[in-house]
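Me: I'm new to this one. Can you walk me through it?
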Amino acid sequence: QVRLVESGGGLVQPGGSLRLSCTASGDTLDNFAVAWFRVAPGKQREGVSCIGSKSDGSTYYADSVKGRFTSSRDNTKNMVYLQMNSLEPEDTAVYYCAADPPSTTTVQTMCRTLLHNYWGQGTQVTVSS
């Protein structure tokens with residue numbers, strides 16, 4: 001059984017940066033495509049970024065975060081990161097990572113579906129002055 005854990009959330013001022021981390025127990029994240037979703041107050045869950053497995057390496061970003069957020073892997077630490085720069089109050093949400101074994105599904109499709117094999121518990125990001 002794979003268990004995902006997010007960390008790195010917190011309170012940041014507009015224009016600031018945070019880096020979220022997603023790690024896994026029970027397996028190595030090398031073998032999984034990883035998605036970052038967020039749920040803002042009163043809004044539906046939104047896929048903000050997806051990164052393919054280690055052998056794939058493709059990435060996708062929602063228009064709302066393109067140019068500001070970056071997904072990356074550190075395979076030595078079994079981590080996937082979401083670097084968030086130029087944060088805006090609209091980025092306030094609970095952020096979740098999700099993971100699926102490699103498949104023919106593109107990262108774009110992965111970010112547009114809520115059906116994933118594994119989910120973390122979420123980490124709160126609040127952007128406020």
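Me: Which residues form one aromatic cluster?
Reply: Phe 37, Tyr 96 and Trp 119 do. Rings of Phe, Tyr and Trp (its six-membered ring) pair if their centres lie within 6.5 Å; planes under 30 degrees apart count as stacked, over 60 as edge-to-face and the rest as tilted.

Me: Before we go on, what kind of model is this?
Reply: A predicted one: local features need pLDDT of at least 70, side-chain atom pairs count only at pLDDT 80 or more, and totals for chains, interfaces and linings use all residues. Residues are numbered from 1 along each chain as its sequence is written, and side-chain values use heavy atoms, leaving out hydrogens and water.

Me: Back to the rings. How many aromatic pairs are there?
Reply: The structure holds 3. One of them is Phe 37 with Trp 119, tilted, at 5.1 Å centre to centre and 55° between the planes. Phe 37 sits in strand 4 and Trp 119 in strand 10, 82 residues apart. Strands here are DSSP runs of E, at least two residues; helices are runs of H or I, at least four.

Me: And Tyr 96 with Trp 119, what's the geometry?
Reply: Their planes are at 80° and the centres 6.4 Å apart, so that pair is edge-to-face. Tyr 96 belongs to strand 9.

Me: Is Phe 37 buried or exposed?
Reply: Buried, at 1% relative accessible area. Buried means under 20%, exposed over 50%, partly exposed in between (1.4 Å probe, protein chains only). Tyr 96 is buried too, at 16%. Trp 119 is partly exposed, at 27%.

Me: Zooming out, what's the secondary structure of the chain?
Reply: 1 helix and 11 strands.
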